[in-house]
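Here is a short tour of one protein model, written to be read alongside the sequence and the 3D view. Please keep both open as you go.

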Amino acid sequence: MVFKMKKIFSLPLLMAGALFYAQQSINFENAPFKDILAKAKKEKKLVFLDAYASWCGPCKMMEKNIFPKDEVKDFYNAHFINAHFDMEKGEGRDIAMKYGIRSYPTFLFLNGDGEVVFKGMGALDEKNFIALGKEADAVGKGGSAKERFEKGEKDPAFLLNTIKMNAGTDPVFAHKVADRYFSQRAKGAYTQEEVSILLHFLKSQSDALYTTFVQDKTEIVKHLPEASYQQFDNQFKLNAVVEKTFNHQTGTIDEEQFLAEAEAILGKAEAKTTLDKLKVYFYPSVGNFNAFEKAALAYYGDGDGFEDKELNRVAYTFAEKISNPESLKKAVVWAEKAVMKAETAENTYILAKLYLKTGNKDAAKMYAEQSLKLTKQRGMDASIPEQLLSEIKK
């Protein structure tokens with residue numbers, strides 16, 4: 001809630017009004033995020049971070065009806081260094097990106113090093129909001145999650161919570177925690193959440209979690225159709241083949257070995273199609289653009305049957321990395337088909353760039369101007385299409 005005061009009020013009265021309002025709610029710090037973390041570290045407390053958006057109805061409900069409750073503000077002011085940031089403004093944007101915040105309100109409890117100790121989401125009533133704070137405080141007093149994990153903590157509830165807290169911000173650490181959780185998990189029924197976590201972190205047959213996936217199939221398929229389970233299994237096996245046959249250091253693929261092993265999983269025809277598709281993703285990721293050019297021309301052909309986003313992706317890579325005139329003409333066809341489906345600031349820019357590289361300056365200028373127009377309509381930074389227009393006019 002924001003009070004608008006007329007200019008005739010004196011400065012002392014304004015300060016008094018601000019103090020009065022602060023006393024009616026949780027005492028949120030008015031300081032940069034790094035200073036808030038430093039204060040928490042010095043006082044050996046957790047930071048309670050209210051991550052909100054100005055348009056969010058549940059956020060406003062929490063601010064108006066829950067934060068001012070006596071028991072709420074007393075508990076949070078006593079146990080935490082409190083902060084709240086609009087995730088779509090100023091420093092809040094960086095915080096949202098760092099912690100992967102996409103839903104509002106999100107309640108983060110952080111230690112002085114900025115590590116997530118506990119997390120809550122959505123509007124809560126007074127009782128549950130206090131319970132959330134008490135649980136976070138209890139977890140925090142046990143030390144940071146990473147410290148407890150390194151010391152060998154095996155409590156299932158702790159491990160499960162740590163996985164959820166770090167999945168978006170530190171997936172490598174969260175994967176290690178998931179390995180421990182499932183390796184010691186007692187036999188028995190799975191929850192839907194456990195199945196989701198297992199499938200989220202399991203990527204390949206070579207992953208330690210694959211043993212759990214196979215051994216606990218009977219329980220897993222209670223939450224997952226048999227056909228879907230088989231699709232996941234095939235993908236995990238295929239990913240293991242990719243790991244063996246795709247060399248990231250040399251930027252090459254042992255195609256013969258891939259096909260031999262993939263055929264046993266997918267069948268001959270699908271194995272060949274899968275390899276062709278994987279090549280157009282793998283080669284640019286390792287900077288092998290000569291191999292990428294050849295693979296893309298063979299895979300995309302005239303561009304029929306492909307989604308516009310995929311055509312945009314490959315056409316853009318050609319615009320940036322490929323110089324062969326005949327190959328660029330193919331990329332123009334892909335970009336034209338993407339634009340025909342729906343003109344966007346991105347695909348008109350790509351088409352304009354390809355037209356420029358193939359010597360069609362008139363068409364390049366027309367689509368660069370359209371890209372600039374669409375960019376401005378969306379309120380985006382227009383410097384990129386403006387720069388392209390400048391190149392075209394030289």
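Which residues of helix 3 (residues 57–66) are buried? They are Cys59, Met62 and Ile66, where buried means under 20% relative accessible area with a 1.4 Å probe, protein chains only. This is a predicted model, in which local features need pLDDT of at least 70, side-chain atom pairs count only at pLDDT 80 or more, and totals for chains, interfaces and linings use all residues. Residues are numbered from 1 along each chain as its sequence is written, and side-chain values use heavy atoms, with hydrogens and water left out.

Seen down the axis of helix 3, the buried residues fall within an arc of 90°, so they line one face of the helix. An α-helix has 3.6 residues a turn, so residues three or four places apart point the same way. The elements that the buried residues of helix 3 pack against are tabulated here, with contact meaning heavy atoms within 4.5 Å.

| Partner of helix 3 | Residues |
|---|---|
| strand 1 | 46–52 |
| helix 4 | 70–79 |
| strand 3 | 106–110 |
| helix 6 | 126–141 |

Now to a pair of helices. The axes of helix 19 (residues 345–357) and helix 21 (residues 383–392) come within 11 Å and cross at roughly 20°. That makes helix 19 roughly parallel to helix 21, a term for angles under 35 degrees. Tyr349, Ala352, Lys353 and Leu356 of helix 19 meet Ile384, Pro385, Leu388, Glu391 and Ile392 of helix 21 in this contact.

Finally, Ala174 sits in helix 9 (residues 171–184) and counts as buried because its relative accessibility is 0%. Beyond its neighbours within four places in sequence, Ala174 is in contact with Ile163, Asn166, Ala167 and Phe201.

Key:
Axes fitted to C-alpha atoms, helices over the stretch in contact; angles between N-to-C directions. Helix = DSSP H or I, 4+ residues; strand = E, 2+ residues; numbered from the N terminus. Parallel < 35°, antiparallel > 145°, perpendicular 65-115°, else oblique. Buried < 20%, exposed > 50% of the residue type's maximum accessible area, 1.4 Å probe, protein only. Arc of directions from axis to C-beta.
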